[in-house]
Amino acid sequence: MGAQLRVYKRRIRSVTATKKITKAMEMIAASRIVKAQRQVAASTPYATELTRAVTAVATGSTTKHPLTTEAETPARAAILLITSDRGLAGGYSSNAIKAAEKLTERLRGEGKEVVTYVIGRKGVAYYGFRERKLADSWTGFTDSPTYADAKRAAAPLIEAVTQETAEGGVDELHIVFTEFVSMMTQNPVDDRMLPLSLDATKDEDGKGEILPLFDFEPSAEDVLDALLPRYVESRIYNALLQAAASEHAARRRAMKSATDNAGELIKTLSRLANAARQAEITQEISEIVGGASALADATAGSDK
Amino acid sequence: MAAELHVELVAADRSVWSGEATLVVARTTSGDIGVMPGHQPLLGVLESGPVTIRTSDGATVVAAVHGGFISFADDKLSLLAEIAELADEIDVQRAERALERAKSDTDAASERRAEVRLRAVAVR
């Protein structure tokens with residue numbers, strides 16, 4: 001075998017191996033999207049009921065609570081950024097990080113100090129490499145988040161919000177995650193969780209439903225105190241689940257194009273290998289023919 | 001046919017039970033409360049404990065609820081809990097083992113969780 005042909009053969013072998021891996025990753029991601037979507041759907045009833053309850057308390061009572069009232073001069077805002085633990089998902093993590101950077105800039109422009117919390121190894125690596133300070137970070141569960149994970153991430157955030165601003169607390173709480181629209185579309189979005197913007201919660205409910213006057217047990221303040229941390233947790237849980245679904249969808253797409261690319265590469269390489277083999281054969285034939293005719297010429301000459 | 005109320009028992013990650021009922025008894029922070037159709041709109045904080053639902057066909061559904069909320073309006077009742085289990089789903093032996101383990105580890109939270117589970121099974 002000629003040297004050229006051997007090189008092509010080797011490259012085809014290596015690209016075939018890569019293609020097998022990307023194909024496997026694509027199929028794993030595809031099966032996980034379905035599971036992640038099912039989880040999002042399963043968590044929806046809790047989230048809607050909770051939102052309804054929060055809206056009911058916030059509109060149905062005259063209670064003033066630090067978590068529902070806007071500070072007159074908000075000085076500090078917290079951002080929770082959700083990225084992935086693993087790469088090979090196209091622009092998934094970097095798009096979410098970009099959205100967080102944009103939000104940070106906007107908040108700074110409004111004269112607020114920004115405190116960043118990050119979920120996912122990719123985001124931690126991004127901030128670590130630039131030596132920017134993170135208030136807190138969590139890793140290791142972005143593939144399939146559980147409610148306990150959301151609770152763990154929510155705890156310091158709730159604590160920061162309830163603290164006085166002068167003592168290092170925050171006035172606003174934002175979350176940046178990748179919204180799962182469909183298999184093909186995922187958008188990085190930023191959302192303000194606290195203070196509650198009641199217009200937004202009303203719009204979600206739609207239909208301008210008139211909420212009845214509730215009887216609070218034991219009291220409106222106590223209910224709100226208990227309700228709001230759960231509300232934050234459930235919002236974070238929902239965001240984590242959507243982000244997980246988006247991550248798998250982004251990975252599936254990235255791996256699909258990698259597989260397609262590998263297929264294309266194998267096709268081109270085998271064409272080249274075929275040409276090289278044919279050239280080798282042609283050369284061998286012409287060498288034999290040339291050799292034979294040289295021999296024939298030589299014997300014809302010696303006969304004389 | 002007596003009036004009915006629609007009950008949704010939802011945990012953070014799934015819907016546990018939903019259906020029509022004539023009476024729901026739950027434990028709020030200020031004591032046990034029974035809700036029947038036509039009750040005044042109510043929003044309360046739940047204690048960990050068993051919730052008893054009398055369904056419209058006379059059967060009784062018991063669930064262990066670990067914290068959460070009860071909200072009632074327009075004959076629709078929602079029970080929201082981070083963790084909720086139907087008594088039928090609870091594995092008694094496992095709960096007993098968990099209780100013993102929690103007692104030896106003096107883990108108050110999981111001890112109470114296990115106790116609530118066992119109480120729910122006992123009520124059933």
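Two strands count as paired if DSSP finds at least two bridges between them. By that rule, S1(A) and S4(A) pair, and Leu81(A) stands opposite Val176(A) in S4(A). The model described here is predicted.

- Five strands of chain A form an open sheet, in the order S3-S2-S1-S4-S5, and the pairing is mixed.
- Strand S3 (136-138) and strand S5 (186-194) of chain A each have a single partner strand and stand at the edges, so one side of each has no neighbour in the sheet.
- From one strand to the next, the twist averages 20 degrees.

**The contact between the chains**

- Chain A gives 24 residues to the contact, and chain B gives 24 residues.
- On the side of chain B that touches chain A, two or more residues come from each of strand S1 (5-11), strand S2 (14-28), strand S4 (42-46), strand S7 (68-73) and strand S8 (76-81) of chain B.
- S4(B) supplies the largest share of that side, four residues.
- By residue type, the side of chain B that touches chain A has 11 nonpolar, eight polar and five charged residues.

**Strand pairing across the chains**

- S4(B) also pairs with strand S6 (residues 215-217) of chain A, in the parallel sense and over three bridges.
- In this strand of chain B, Gly44(B) is the residue opposite Glu217(A).

Technical notes:
Residues numbered from 1 in each chain as written. Chains lettered and ligands numbered in written order. Predicted model: local features only at pLDDT ≥ 70, side-chain atom pairs only at ≥ 80, totals over all residues. Contact = placed C-beta atoms within 7 Å. Nonpolar A, V, L, I, M, F, W, Y, C, P; charged D, E, K, R; others polar. Axes fitted to C-alpha atoms, helices over the stretch in contact; angles between N-to-C directions.
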